[in-house]
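Here is a report on one protein chain. Keep the sequence and the coordinates at hand while reading.

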Amino acid sequence: MSAYAQPAGLWRRECLVELKRSWRLPQFMVPTVVTPAAFYALFTLALARTPSLSGAAASLACYGVFAAIGPSLFGFGAGVAMEREQGLIELKRVSPMPTGAYLAGKLAAAVAATAAAVALIYALGVIAGVRLSAGQWLALAALHLLSTVPFALLGFGLGMRMGGKGAVAAANALFLGASVVGGLWAPSAILPGWMRLVGELVPSYHLGQLALGIVGADTIGSPVAHVAAIVAMTALAGWWAWSGWRRSAA
């Protein structure tokens, strides 16, 4: 039996195939990788009236979370919905491939796209003069990459319940809505009260507050509360994804 026929080999092959497939789709990769960095460059560097290093660092922290939402929602949400319509998921279900390998492949592609987008944002931040310690950079990178998980689970649940067009529309609404009410484009402190209240119900708000704390910016609430909220929301998103997989006829 070859190495690729072993369980670990199946997982590895599925991840490699998904990575290659996603990187060969410029219509997916270019918007998800370039758009967050372009937004950061435009609003933080080009249009800022009084650019400051602290402001650039705070924006870098938030836009890193923003960069994780797109690949997660569109790769898992719209991508899964379209594959389900094409019968690809049904084919994988009747194959001997473990279910987890399919999810791992999708997650690997989302994390890779997030890593590329975050790297561009970090490079722009360094050009803008942002200086963090090695520990801060590592903690920030880890948080930004882990930010893909709750949104990937949300996207997967959408993809298993909706058609391709519906999933694209829902992913777009969640992508923009989570960014706005989560305080990723404008500080939560200046948002209307109702928007802040809604923002506390989405992972982007809590992830953004943790990221701001890493770079030393002003935050709202305690890190422990934000971590607890993220864990609870991720667990709920996991149930949403699992139930969608179980209920779908493929």
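## Overall picture

This is a predicted model. The mean pLDDT of the chain is 84. A pLDDT of 70 or more is reached by 90% of the residues. Residues 1–5 fall below 50. In the model, that stretch still has nine contacts beyond near neighbours in sequence.

The chain holds 11 helices and zero strands. Read from the N terminus, the elements run α-α-α-α-α-α-α-α-α-α-α. The chain has 250 residues, and 46% of them are buried.

## Helix H7

Helix H7 covers residues 148–159 and has 12 residues. From first C-alpha to last, H7 reaches 16 Å, close to the 16 Å expected at 1.5 Å a residue.

How many residues of H7 are buried? Nine of the 12 are, so H7 is largely enclosed by the rest of the structure. The buried residues are Thr148, Pro150, Phe151, Ala152, Gly155, Phe156, Gly157, Leu158 and Gly159.

## Aromatic rings

The chain has nine aromatic pairs. A pair of aromatic rings is described by the distance of the centres and the angle of the planes. Two of the pairs share Phe66.

Start with Phe66 and Phe175. Their ring centres are 5.2 Å apart and their planes stand at 5 degrees. The angle is under 30 degrees, so the pair counts as stacked. Phe66 belongs to helix H3 (residues 53–86), and Phe175 to helix H8 (residues 164–181). The pair therefore ties together parts that are 109 residues apart in sequence. Both Phe66 and Phe175 are buried.

Now take Phe66 and Trp185. Here the ring centres are 5.5 Å apart and the planes stand at 75 degrees. That angle is over 60 degrees, so the pair is edge-to-face. Trp185 sits in the loop between H8 and helix H9 (193–199), while Phe66 is in H3. This pair ties together parts that are 119 residues apart in sequence.

Buried or exposed: where does Phe66 fall? Its relative accessibility is 1%, so Phe66 counts as buried. Trp185 has 34% and is partly exposed.

Ring pairs also build a cluster. Its members are Phe39, Tyr40, Phe43, Tyr63, Phe66, Phe74, Phe175 and Trp185.

## Around Ser243 and Arg161

Ser243 lies in helix H11 (residues 223–247). Ser243 has 8% relative accessibility, which is under 20%, so it counts as buried. What does the side chain of Ser243 make a polar contact with? The partner is the side chain of Arg161, at 2.7 Å. A polar atom of the Ser243 side chain also lies 3.1 Å from the backbone oxygen of Trp240.

Arg161 lies over the face of Trp240, at 3.7 Å from the ring centre.

## Other selected residues

Lys106 is in helix H5 (residues 99–127). Lys106 is buried, with a relative accessible area of 4%. Leaving out residues up to four places away in sequence, Lys106 touches Glu18, Arg21, Gly75, Phe76, Val80 and Glu83. Two of these partners, Glu18 and Glu83, are glutamates.

Leu236 is in helix H11. Its relative accessibility is 57%, so Leu236 counts as exposed. Thr35 belongs to helix H2 (residues 26–46). Thr35 is partly exposed, with a relative accessible area of 26%.

The table gives both pairs.

| Pair | Separation in sequence | C-alpha to C-alpha distance |
|---|---|---|
| Thr35 and Ala67 | 32 residues | 8.2 Å |
| Leu236 and Leu154 | 82 residues | 9.0 Å |

Terms used: Residues numbered from 1 in each chain as written. Predicted model: local features only at pLDDT ≥ 70, side-chain atom pairs only at ≥ 80, totals over all residues. Heavy atoms only, no water. Helix = DSSP H or I, 4+ residues; strand = E, 2+ residues; numbered from the N terminus. Buried < 20%, exposed > 50% of the residue type's maximum accessible area, 1.4 Å probe, protein only. Polar contact = N/O pair within 3.5 Å; in protein donor to acceptor, adjacent residues only side chain to side chain. Expected span 1.5 Å × (residues − 1). pLDDT = per-residue confidence, 0-100. Contact = heavy atoms within 4.5 Å. Phe/Tyr/Trp six-rings, centres within 6.5 Å; stacked < 30°, edge-to-face > 60°. Lys NZ or Arg CZ within 6 Å of the ring centre and 35° of its normal.
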